[in-house]
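Subject: Handing over a structure, with notes on what was found

Dear colleague,

I am passing on a structure for you to look at, and my notes on it follow below. Please read them with the sequence and the coordinates open beside you.

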Amino acid sequence: MKRLTLFVALIMIICAISNTVTAASEDAAGLILSVKERVEIPLECTVFSSDQYLHDGKTIYTFQWTTPQDASKYANLHVRVSDDGIIQNVNMYQEAETRDRIGKVIPKITEQEAIENARAVIKRLNPSIAAEYAGDATCTLQMDTYYVQIARRVQNVPIYNDSANISIHCLTGKMKDFSLSHHTGIAFPSIEGTMEADMAKTAYQDNGYLYKQYVAFGDDKEAKIVYTPKDEDRFLDAVSGKPFHPGENDDNIREYAAEKNAGSMAADTALTPAEKKVVDEIRGLKTYEEAVAILQSMPELYLPDGVKLAEGSIYQVADETYQLHIFLQAKNEEKYSSVHAFMDAKTGELIEFYGYSDRKEDTTLTDEEAKDVFAQFADKYLTAYKAEMDAPDRTDTRAHGSASMCADRVVNGIPVRDNRITMQIDSTTKKIISYHRNWDKSMTFAATENIMPEADIYHAFFSAVALQSCYYIQEKTATCVYNISRKNISYVDGKSGALLSANGKPYEEQEKKIYTDIQGHYAEEAIRALASVGVCMDGDSFLPDSIITQKEFVTLLSTAVMEYVPYRDGKIDEERIYENAEEAGILPTEDKTPDAPLTRELAVSYLLRAMGYKNFAEIPGIFRTDFTDAEAIDPALLGYVAIAKGLGIVKGDGTGCFAPKREITRGEAAVTIYNYLK
């Protein structure tokens, strides 16, 4: 089998590049051209560089186009593509002249439009596999970006660990970033013979997916009896009904088996001078196999028996200087060994080396010896805990020159979360080299009477969680499994069957805000737009024609401009927000009247202060406004009103008046904040 060298990879004849990008035989030069057909390269990005590394038997190339050092604005395009032509990652950064902006962004495209744009991105970048990413998509909005995730589907079954992730700008609709996880060379089994969802739920129960624990939440000192899921057992083999435990990737090294013939230099003529310069620079770089041979020729190095090439990379560290890294490893039931080496990619000079093997020649500690050490220690020092201390177990299974022991706390036959004693014992000296006790003495425990039957616990749990069949890929094998997506459900109360979040509070389904009283109202668009980015009022009614209080306006405004909004017991903490607004200078201390109605001029001043205009707006004698009732505006607030008018945040009442002293309604408040954000 011919060795694939980087030289050959970069000077091959360009293969025919079609829209399907079936380019298994493309060389690096051809890949550059292929990428340029699918990805728009900014004209100002004239500096080109390239790295490549070996992963899972594939050569992965990273291409980077950047602006020259003397460019007035910096731009960078980074593309990662595998040797079969599949684009895995696209990241574009362009420096722009943008004003500092405070607050959330009102999208100009809808969530569905963002999803459609994301699908178009996949089709443009990877048309040969786009059909496998045509299923359901999830979309979340954060600041100015929609984050779209689309799972790969085969036989109409989603693949758990294959997906496309595309970020879409919510104002322009353009792609910001693209990343793809896509396994190749996988044989997917038929879904025939897989169990139905109801049978899967029974199998989860039979396998003991939920287990009892004592857990104390928050400041509570009495621990509740709850059932909590075993995250390690969230997957279930959809055929056998047994727990499916994803493991590490296959450690066997798949030999790279691409046969290519060196051809003419015709490909170089289609490259830009910057691209050709890089191609010329990397001619003659050491291959990974040559690097291994260099290590093997140096008997001074520790090379454990059986290590083979697992991964490698070549990357540019300076002008015309490249570094090569290889990782070798061997693994079987008795021994794990690995080697890291860094070399000059041109000369083969060794830069850094590290060899490791977990085989120890020193004495080992048996389970009985380790338990005896633990027991003697407990008898002497832990008498206050022994009544609730479970029998210690050895937590390590390999010889590391030490033994790790752990004893959990158990009360009424139920484990207590995060209460345990652990220690690590040196195998040679039999001394304890680490010790930790986590034991809450102040905790009390709920009685075990009236615990619900497990069948009822499981029924309550599965009434809310999502159970989905999917393929899980590991070690080049796809297994059809069931997966539990439990959202924010962490516990089931053992006595009431109530679903609990991680904080022990009742679980509440998060739904998009829907108001029942805004349809047809002039402020409907503004209210809905604000709600879509989390700027909401409590309850199902917005009451758009009701007068808004100072505290309500400050809360609404703060959720629009604050990066982090404080919550308490699952709701916006209005008290803390009010305090934050005072501390930030948005709400002057002398103005604090939380439940009083708010005037229009004060509302505008709070908004402009939140935008950072305070020092400018309060300069006396420089502001004027063409509102017909300008003389009624408080002179100290005239600057705020004038700026807001100039920015289009306020427009008056249609008669030329601003009505500064009139109390502002909830609908008017929403429109004012919306006008700023958009």
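A salt bridge is taken here to be a side-chain nitrogen of Lys or Arg within 4 Å of a carboxyl oxygen of Asp or Glu. Please keep in mind throughout that this is a predicted model.

By that rule the count comes to 22 salt bridges, and Glu 132, Arg 152 and Asp 162 are linked in a network of them. Arg 152 forms a salt bridge with Glu 132, with the closest N and O atoms 2.6 Å apart. That pair links distant parts of the chain, since Arg 152 sits in strand β6 and Glu 132 in the loop between α3 (111-125) and β5 (137-142), 20 residues apart.

Asp 144 lies in the loop between β5 and β6 and Lys 176 in strand β8, so the pair ties together parts that are 32 residues apart in sequence. Asp 144 is partly exposed, with a relative accessible area of 25%, and Lys 176 counts as partly exposed at 28%.

Strand β6 (residues 145-154) and β7 pair in the antiparallel sense over 9 bridges, and they form a hairpin with 2 residues between them, where Gln 155 in the turn has a positive phi of about 55°. β7 also pairs in the antiparallel sense with strand β8 (residues 175-181), over 6 bridges; this hairpin has 5 residues between its strands, and Gly 173 in the turn has a positive phi of about 80°. Asn 165 in β7 is the bridge partner of Gln 149, and in β8 the bridge partner of Asn 165 is Ser 179. Strand β7 (residues 157-169) is mostly covered, with 10 of its 13 residues buried.

Turning to the helices, why can α12 be described as largely enclosed by the rest of the structure? The reason is that 10 of the 11 residues of this helix (residues 600-610) are buried, and what covers them includes α10 (550-561), α13, α14 and α15 (666-677). Just after α12, Gly 612 takes a positive phi of about 95°.

On the surface, Phe 616, Ile 619 and Ile 622 form a nonpolar patch with about 270 Å² of accessible area together. Ile 619 is found in the loop between α13 (614-617) and α14 (638-646), and counts as partly exposed at 38% relative accessibility.

For the chain as a whole, there are 15 helices and 26 strands, and buried residues make up 46% of the 678 residues. The largest nonpolar core has 65 residues, and those with the most contacts inside it are Val 39, Phe 63, Trp 65, Phe 178 and Ile 326. Apart from it lies another core, of 55 residues, among them Ala 523, Ala 529, Tyr 640 and Ala 642.

With best regards

Conventions:
Residues are numbered from 1 along each chain as its sequence is written. This is a predicted model: local features need pLDDT of at least 70, side-chain atom pairs count only at pLDDT 80 or more; totals for chains, interfaces and linings use all residues. Side-chain values use heavy atoms; hydrogens and water are left out. Patches are made of residues with over 30% relative accessible area and no salt bridge: like charges are joined within 9 Å, nonpolar side chains (Val, Leu, Ile, Met, Phe, Trp, Tyr) within 5 Å. Accessible areas come from the Shrake-Rupley method with a 1.4 Å probe; for residues, only the protein chains shown count as cover. Helices (H or I, at least four residues) and strands (E, at least two) are DSSP runs, numbered from the N terminus. Buried means under 20% relative accessible area, exposed over 50%, partly exposed in between (1.4 Å probe, protein chains only). Contact means heavy atoms within 4.5 Å. Two strands pair if DSSP finds at least two bridges between them. A nonpolar core is a set of buried Ala, Val, Leu, Ile, Met, Phe, Trp, Tyr and Cys residues joined through side-chain atoms within 4.5 Å.
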